[in-house]
2 protein chains.
Amino acid sequence: MKRIKLTVAYDGTNYCGWQVQPNGITVQEVLNRALSELLKEEIHTVGASRTDAGVHARGNVAVFDTRARMPGDKIAFALNTRLPEDIRIQGSQEVSPEFHPRFTSTVKTYEYKILNRTFSDPTRRQDSMFWYGALDLEAMKEAAGYLPGTHDFKSFAAVQGAEGSTVRTIYGTRLWKEDDMIHFQIQGNGFLYHMVRIIAGTLLEAGKGSWPAERMQQILEARDRSQAGPTARACGLTLLEIQYPEWEPDFRNRKDDSFSLNEACV
Amino acid sequence: MKRIKLTVAYDGTNYCGWQVQPNGITVQEVLNRALSELLKEEIHTVGASRTDAGVHARGNVAVFDTRARMPGDKIAFALNTRLPEDIRIQGSQEVSPEFHPRFTSTVKTYEYKILNRTFSDPTRRQDSMFWYGALDLEAMKEAAGYLPGTHDFKSFAAVQGAEGSTVRTIYGTRLWKEDDMIHFQIQGNGFLYHMVRIIAGTLLEAGKGSWPAERMQQILEARDRSQAGPTARACGLTLLEIQYPEWEPDFRNRKDDSFSLNEACV
């Protein structure tokens, strides 16, 4: 038995998110099916980030156990031939049987894109949100400047996903405009449900001039979802990368002693 | 009666090209229908560039005549509410009744994008072609350097579209790589059927090292389609812009005395 780590990219447009669910097709479901066919045994992957419907990924991570003899690094190539073109494995490798994609400390990087021009651009509609009005980029940068550090991000979490600690550490943010596309990148040790989209929606309010940038501080302190801006559209969000400690897994985030790949144990 | 010029952007993925045809839905057909509903009269647009199935546009141009009283610059906004999200008007204006999108000298700019990395990226699959192997960017630039100037581009034209002169003037090309995306832009006074895609396919051969860059000169001189590279995939091509003379239409390219907006007169 060996454990395999996959780096998974997908266009989330046509999926009901990552995680298997009864109401529609998901990335995980398509991946499980393709892997099971390829390796001729029933495979259940565990994903690092359960992205929402419509959210994209360049580097989500999925892990599974297999008895198949195919070398870990060859699985990516073989699996890609069995996947639809909106899902592509970016790499595969054998990892320690102790590696769990969610119990290991990670650094996650997300990008939110806002197309800011008079008319929307059909060729860029699926991986950005569109805003036609003027946006003050400096105000957005200033507002984003309140995010880095260890804070309670309860104001930036969807109410329905709010069990457990809402404290997270943001390592940094970047915000820039290239032609008419505003790119907002945020890196942290973890993100609450809808957190990046609510942050994007709040930065947009700062950019429109509805709120002064300093309001970001008050929103953080309020620990109240209703104080933050609206949840920005899913299609603008891409999970860029999940970095794992290179040499030794760091188990500070472990919740139990088992390393079983069971979704239920999270 | 007034003549209106539209700047039209579209994601060509789901269309059988620009021009109305019996076998599938086209951009022109959708546009004609939405305009006819909006202006409550039967509208027939004439396009500047009849892009192929799967080709995208940020700035194609369409012109039509109407008796409607709606001001020219308002039509873009009203029309966009009636169009599917993969077609978006970027601007509308009233033009001289003598303006014809194809009989006026224009400068057209196309872009061909090649995603060059080990694994394809699902979020960028619809507006670029994918190539996994190593590409020599300098060789591609050198090969593209043979294109500017007035040449007979017969070698770079699909055989089925080869009536009339095959001489065109290329004003310039640009080729650069940004992260893992190679951008090739080409500007000229006109392009033959499949010309940019055949050029892209030929540059790819130079990049792979199959052909020395100098072969571009021999291909041009051969005036023989079979000497050039394969036609690169439609999805990598975007019509970026069509520039018209700003002050006075230049009628050197006129083929007759009429300015009737009739597709058949071309």
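User: How many salt bridges does the rule find across the interface of domain 1 of chain A and domain 2 of chain A?

Analyst: This is a predicted model, in which local features need pLDDT of at least 70, side-chain atom pairs count only at pLDDT 80 or more, and totals for chains, interfaces and linings use all residues. Residues are numbered from 1 along each chain as its sequence is written, chains are lettered from A and ligands numbered from 1 in the order in which they are written, and side-chain values use heavy atoms, with hydrogens and water left out. A salt bridge is a side-chain nitrogen of Lys or Arg within 4 Å of a carboxyl oxygen of Asp or Glu. Across the interface of domain 1 of chain A and domain 2 of chain A, the rule gives one.

User: Which residue forms a salt bridge with A:D52?

Analyst: Side chains of opposite charge can pair when their charged atoms come close. For A:D52 and its partner, the closest N and O atoms are 3.3 Å apart. That partner is A:R197.

User: What distance separates the centres of domain 1 of chain A and domain 2 of chain A?

Analyst: Chain A is split into domain 1 (2-103) and domain 2 (110-182 + 190-238), with bounds from an automatic or database domain assignment. Ten residues of domain 1 of chain A and ten of domain 2 of chain A take part in the contact (heavy atoms within 4.5 Å). Taken over C-alpha atoms, the centres are separated by 28 Å.

User: Which three residues of domain 1 of chain A lose the most area to domain 2 of chain A?

Analyst: Buried area is the accessible area (1.4 Å probe) that two parts lose on being put together, summed over both. Domain 1 of chain A and domain 2 of chain A bury about 720 Å², with 49% of it on carbon and sulfur atoms. On the domain 1 side, three residues together account for 61% of what is buried: A:D52, A:V55 and A:H56.

User: How much area do chain B and chain A bury between them?

Analyst: The contact takes 27 residues from each of chain B and chain A. Of the area the two chains bury between them, 51% is on carbon and sulfur atoms. The total is about 2100 Å².

User: Which residue of chain B meets A:D11 in a salt bridge?

Analyst: The interface of chain B and chain A has six salt bridges. In the one that involves A:D11, N and O are 2.9 Å apart. The chain B residue is B:R125.

User: Where does A:E85, which meets B:R125 in a salt bridge, lie in chain A?

Analyst: The side chains of A:E85 and B:R125 are 3.5 Å apart, N to O. The pair crosses between chains, with B:R125 in the loop between strand 5 (107-116) and strand 6 (129-131) of chain B. Helices (H or I, at least four residues) and strands (E, at least two) are DSSP runs, numbered from the N terminus. A:E85 lies in the loop between helix 2 (75-80) and strand 4 (87-95) of chain A.

User: What separation do the C-alpha atoms of B:V107 and B:M70 have?

Analyst: B:V107 is in strand 5 of chain B. Beyond its neighbours within four places in sequence, B:V107 has contacts that include B:Y171, B:Q187 and B:E241. B:M70 is 37 residues from B:V107 along the chain, and their C-alpha atoms are separated by 29 Å.
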